[in-house]
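Reader: I am new to reading structures. Could you take me through this one, starting with the words I will need?

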Amino acid sequence: MNICNYNCLPEKTQTCCVKTKVIKLIQKTNFAKSEVDLFEMQPTGYSPLHSHKRQHTILVLEGEGIIFDGEKNTPIHVDDVVYIIANEQHQLKTIGKKPLKFLCVTYH
(Lines give C-alpha, C1' and ligand atoms only; values in the text may rest on other atoms or scores of the structure.)
Protein backbone atom coordinates (compact mmCIF):
# COMPACT_ATOMS: atom_id res chain seq x y z
CA MET A 1 0.00 0.00 0.00
CA ASN A 2 1.16 3.50 -0.81
CA ILE A 3 -0.50 6.69 0.45
CA CYS A 4 0.30 10.09 -1.01
CA ASN A 5 -1.42 13.45 -0.91
CA TYR A 6 -2.15 14.36 -4.53
CA ASN A 7 -0.66 17.81 -4.01
CA CYS A 8 2.75 16.11 -3.78
CA LEU A 9 2.37 14.56 -7.25
CA PRO A 10 3.87 16.36 -10.25
CA GLU A 11 1.65 18.41 -12.52
CA LYS A 12 1.62 17.81 -16.24
CA THR A 13 3.55 20.72 -17.66
CA GLN A 14 2.21 20.24 -21.18
CA THR A 15 -1.55 20.18 -21.47
CA CYS A 16 -3.97 21.19 -24.18
CA CYS A 17 -6.26 22.93 -21.67
CA VAL A 18 -6.14 26.63 -20.83
CA LYS A 19 -5.82 27.69 -17.14
CA THR A 20 -5.85 24.05 -16.07
CA LYS A 21 -3.66 21.99 -13.75
CA VAL A 22 -3.57 18.25 -14.50
CA ILE A 23 -2.21 15.68 -12.04
CA LYS A 24 -1.82 12.05 -13.08
CA LEU A 25 -3.08 9.90 -10.21
CA ILE A 26 -2.83 6.51 -11.94
CA GLN A 27 -0.73 5.73 -15.01
CA LYS A 28 -1.43 2.95 -17.47
CA THR A 29 0.89 0.01 -16.82
CA ASN A 30 0.95 -3.69 -17.61
CA PHE A 31 -1.30 -4.13 -14.57
CA ALA A 32 -3.51 -1.03 -14.67
CA LYS A 33 -5.61 -0.84 -17.82
CA SER A 34 -6.84 2.70 -17.11
CA GLU A 35 -5.41 6.11 -16.38
CA VAL A 36 -6.85 8.55 -13.85
CA ASP A 37 -6.14 12.28 -14.05
CA LEU A 38 -7.28 15.05 -11.73
CA PHE A 39 -8.12 18.30 -13.54
CA GLU A 40 -8.36 21.66 -11.78
CA MET A 41 -9.72 24.06 -14.37
CA GLN A 42 -9.62 27.66 -13.14
CA PRO A 43 -12.41 30.19 -13.85
CA THR A 44 -12.52 30.95 -17.59
CA GLY A 45 -10.45 27.79 -18.17
CA TYR A 46 -11.35 25.41 -20.98
CA SER A 47 -10.21 22.54 -23.15
CA PRO A 48 -10.22 22.72 -26.95
CA LEU A 49 -12.97 20.97 -28.87
CA HIS A 50 -11.36 17.57 -29.42
CA SER A 51 -11.86 13.80 -29.43
CA HIS A 52 -9.87 10.77 -28.31
CA LYS A 53 -9.49 7.24 -29.64
CA ARG A 54 -10.37 5.91 -26.19
CA GLN A 55 -13.52 6.09 -24.09
CA HIS A 56 -13.31 8.07 -20.89
CA THR A 57 -15.47 9.00 -17.93
CA ILE A 58 -15.49 12.28 -16.02
CA LEU A 59 -16.67 12.71 -12.42
CA VAL A 60 -17.25 16.34 -11.36
CA LEU A 61 -15.88 16.94 -7.84
CA GLU A 62 -16.20 20.73 -7.45
CA GLY A 63 -17.46 23.75 -9.33
CA GLU A 64 -19.67 24.12 -12.35
CA GLY A 65 -19.03 23.90 -16.03
CA ILE A 66 -20.41 23.12 -19.43
CA ILE A 67 -19.56 20.39 -21.87
CA PHE A 68 -19.91 21.18 -25.56
CA ASP A 69 -20.39 18.33 -28.04
CA GLY A 70 -19.87 20.41 -31.18
CA GLU A 71 -23.55 21.35 -31.35
CA LYS A 72 -24.88 22.15 -27.89
CA ASN A 73 -23.71 23.10 -24.39
CA THR A 74 -24.81 20.93 -21.47
CA PRO A 75 -24.29 22.12 -17.88
CA ILE A 76 -22.28 19.89 -15.54
CA HIS A 77 -22.32 20.09 -11.75
CA VAL A 78 -20.83 18.42 -8.67
CA ASP A 79 -21.45 14.63 -8.63
CA ASP A 80 -22.28 14.49 -12.37
CA VAL A 81 -20.76 11.60 -14.29
CA VAL A 82 -20.07 12.19 -17.99
CA TYR A 83 -19.47 9.20 -20.28
CA ILE A 84 -17.59 10.12 -23.45
CA ILE A 85 -17.37 7.41 -26.07
CA ALA A 86 -14.36 6.93 -28.31
CA ASN A 87 -14.03 9.59 -31.03
CA GLU A 88 -16.86 11.73 -29.60
CA GLN A 89 -16.14 15.46 -29.81
CA HIS A 90 -16.19 17.35 -26.53
CA GLN A 91 -15.01 20.55 -24.90
CA LEU A 92 -15.16 21.43 -21.20
CA LYS A 93 -15.39 24.97 -19.84
CA THR A 94 -15.54 26.38 -16.33
CA ILE A 95 -18.44 28.67 -15.55
CA GLY A 96 -18.75 30.70 -12.39
CA LYS A 97 -16.09 32.02 -10.04
CA LYS A 98 -14.81 28.70 -8.65
CA PRO A 99 -12.53 26.16 -10.32
CA LEU A 100 -14.04 23.13 -12.02
CA LYS A 101 -12.37 20.09 -10.48
CA PHE A 102 -12.93 16.66 -12.00
CA LEU A 103 -11.49 13.18 -12.31
CA CYS A 104 -11.01 11.76 -15.77
CA VAL A 105 -10.69 7.99 -16.19
CA THR A 106 -9.38 6.87 -19.59
CA TYR A 107 -9.86 3.21 -20.58
CA HIS A 108 -7.20 1.43 -22.64
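Author: Let us begin with exposure: a residue is called buried under 20% relative accessible area, exposed over 50%, and partly exposed in between (1.4 Å probe, protein chains only). Please note that this is a predicted model, in which local features need pLDDT of at least 70 and side-chain atom pairs count only at pLDDT 80 or more, whereas totals for chains, interfaces and linings use all residues. Residues are numbered from 1 along each chain as its sequence is written, and side-chain values use heavy atoms, with hydrogens and water left out.

Reader: Is T44 buried or exposed, then?

Author: T44 counts as exposed because its relative accessible area is 54%. T44 is placed in strand 2. Its phi is positive, about 70°, although T44 is not a glycine.

Reader: And what is the phi of N87?

Author: The phi of N87 is near 70°, which is again a positive value in a residue other than glycine. N87 sits in the loop between strand 6 (81-84) and strand 7 (91-95). With a relative accessible area of 54%, N87 is exposed.

Reader: You keep saying strand. How many helices and strands are there?

Author: The protein chain has 0 helices and 8 strands. Both kinds of element are DSSP runs numbered from the N terminus: helices are H or I with at least four residues, and strands are E with at least two. From the N terminus on, the order is β-β-β-β-β-β-β-β.

Reader: What about the overall size of the chain?

Author: The C-alpha trace spans about 40 × 30 × 25 Å along its principal axes. The radius of gyration is taken over C-alpha atoms, and the globule rule is 2.2 Å times the number of residues to the power 0.38. For 108 residues a compact globule would have a value near 13 Å, and the chain has 14 Å, so the two agree.

Reader: How much of the chain counts as buried?

Author: Of the 108 residues, 32% count as buried. The chain exposes about 7,100 Å², and carbon and sulfur atoms supply 53% of that area. Such accessible areas come from the Shrake-Rupley method with a 1.4 Å probe; for residues, only the protein chains shown count as cover.

Reader: Which residue would be an example of a buried one?

Author: G65 is buried because its relative accessible area is 0%. G65 is found in strand 4 (residues 64-68). Leaving aside neighbours within four places in sequence, G65 is in contact (heavy atoms within 4.5 Å) with T74, P75, I76, K93, T94, I95 and L100. G65 and L100 are 35 residues apart along the chain, and their C-alpha atoms are separated by 6.5 Å.

Reader: What share of the contacts links residues 24 or more positions apart?

Author: Among contacts with a separation of 6 or more, such pairs account for 61%.

Reader: And I84, buried or exposed?

Author: I84 is buried, since its relative accessible area is 2%. I84 belongs to strand 6. Not counting residues up to four places away in sequence, I84 touches Q55, H56, I58, I67 and H90.

Reader: New topic: where does H77 lie?

Author: H77 lies in the loop between strand 5 (73-76) and strand 6. Its relative accessibility is 35%, so H77 counts as partly exposed. Beyond four places in sequence, H77 is in contact with V60, G63 and E64.

Reader: What is the volume of the largest pocket?

Author: The volume is about 400 Å³. On a 1 Å grid over the protein atoms alone, a pocket is an open set of points where a 1.4 Å probe fits, with protein on both sides within 12 Å along at least five of seven lines, and lining residues have an atom within 4 Å of a point. Points are joined across faces, edges and corners, and the volume is the space filled by probe spheres set on the points.

Reader: How many residues line the largest pocket?

Author: There are 23 lining residues, and F39, H50, H52, C104 and T106 lie nearest the centre of the pocket. Strand 2 (34-46), strand 3 (56-62) and strand 8 (100-107) each supply at least two residues of the lining. Strand 2 gives the largest share, 4 residues. By class, the lining has 9 nonpolar, 9 polar and 5 charged residues. Here Ala, Val, Leu, Ile, Met, Phe, Trp, Tyr, Cys and Pro count as nonpolar, Asp, Glu, Lys and Arg as charged, and the others, Gly among them, as polar.
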